[in-house]
Amino acid sequence: SILSEYAKNPKIRIELNEKNSGSTFKQWNKGVRLSRGEYIWLAESDDYADARLLERLVGALDAEPAAVFAYCRSWRVDSEDRPYGFIDHYLADLDQDRWTGDFCSEGLAECRNYFIFRNVVANASAVVFRKAIYEAVGGADESYQLCGDWKLWASMALRGKVLHLSEPLNYFRFHDGSVGGRDIRRAILAHESLRVVRWLSDQVSIAETRRSKLFQTLAKLWIPPVISLGVPIRLKWAILRNATAIDSHALRRMVRPALAAAWVKLARICRIATDKNIRTARDQNS
């Protein structure tokens, strides 16, 4: 009923799917394809925004024609809309203060220094971008399940400048998800992250001093699913292929964590066997 009220506005167009497409990035491409404006804002899930978000981000893009997209900080809120910190906290190891201030940066530098490590756009709902640039890079890559946004922002950044506003005008609602399938999800995330980094490595040069940090950062992401018993072997091989293509010492980096994991599993087996023997002996004595 609420949507129907908006549908009466001649500037509003509503398109409903007959069935779930099953792909976030397929929906993005469809939405952008149907849109008629110069700028695009993706209102994701049940995130919500400050009433000034569009005014501030569109104004920033109008003032800087070379900028391909503008984004702001996002509050992390609970189910009761109570803010509890910013969602860009995971970027602190890249730069403690960068996302606490405004900046306009060359996209190439953003890719070389930050996007190569991870997706620095913490929330798609905090971005306004130029439709023409989105189309120029081919839109979102629908072969991704989780990291299509990362590749998209990096692809667009390579076409111009990137604007960031430190004012938090977006709200990301965080839900405690179920733990089911967590190992598989982490493995897919690792696989797709390596795909993005491998692609981006072909687009930009990385300073030798930063390569070591990059490899160590990636290793923390991809090694756990590779040594996990809950990940299919085919997915493990896909992860390893990308890891070794990026880092010539990838297999060497895996040896110590793999041995440590094996030792923990062996110790657990021995403890279980010992406990069983103790219970058997106790039962016999009784």
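How many of the eleven residues of β3 are buried? Ten of them are, which leaves this strand mostly covered. The close-ups below start from there. This is a predicted model, in which local features need pLDDT of at least 70 and side-chain atom pairs count only at pLDDT 80 or more, while totals for chains, interfaces and linings use all residues. Residues are numbered from 1 along each chain as its sequence is written, and side-chain values use heavy atoms, with hydrogens and water left out.

**View 1. The whole protein, for orientation.** The secondary structure comes to ten helices and seven strands; helices (H or I, at least four residues) and strands (E, at least two) are DSSP runs, numbered from the N terminus. Of the 286 residues, 39% are buried, where buried means under 20% relative accessible area, exposed over 50% and partly exposed in between (1.4 Å probe, protein chains only).

**View 2. Strand β3 and its partners.** Two strands pair here if DSSP finds at least two bridges between them. β3 and β7 run parallel, joined by ten bridges, and R76 stands opposite F172 in β7. With β6 (residues 127-130) the pairing is antiparallel, over three bridges; F69 has F129 as its bridge partner there. β4 (residues 83-86) also runs antiparallel to β3, with two bridges, and here W75 faces F86.

View 3. Five residues lie between the two strands, and D81 takes a positive phi near 65°. The side chain of D81 also meets that of R173 in a salt bridge (2.3 Å, N to O); the term stands for a side-chain nitrogen of Lys or Arg within 4 Å of a carboxyl oxygen of Asp or Glu. Because D81 sits in the loop between β3 and β4 and R173 in strand β7, the pair ties together parts that are 92 residues apart in sequence. D81 is partly exposed at 36% relative accessibility, whereas R173 is buried at 16%.

**View 4. Helix α4 and its buried face.** Look in α4 (residues 107-115) for the buried residues G107, E110, C111, Y114 and F115. Seen down the helix axis, they fall within an arc of 110°, so they line one face of α4; the arc is that of the directions from the helix axis to the C-beta atoms. These buried residues pack against β3 (67-77), β5 (103-106), α6, β7 (161-173) and α7 (182-201), with contact meaning heavy atoms within 4.5 Å.

**View 5. Helix α6, enclosed.** Ten of the ten residues of α6 (residues 148-157) are buried, so this helix is largely enclosed by the rest of the structure. Among them are W150, L152, W153 and M156. K151 is buried too, at 17% relative accessibility, and its side chain forms a salt bridge with D141 (2.9 Å, N to O). D141 lies in the loop between α5 (131-136) and α6, ten residues from K151, and counts as partly exposed at 22%.

**View 6. A salt bridge between R13 and E15.** The closest N and O atoms of this pair are 3.1 Å apart. Both partners are partly exposed: R13 has a relative accessible area of 42%, and E15 has 43%. To put the pair in context, the protein's count comes to 16 salt bridges.
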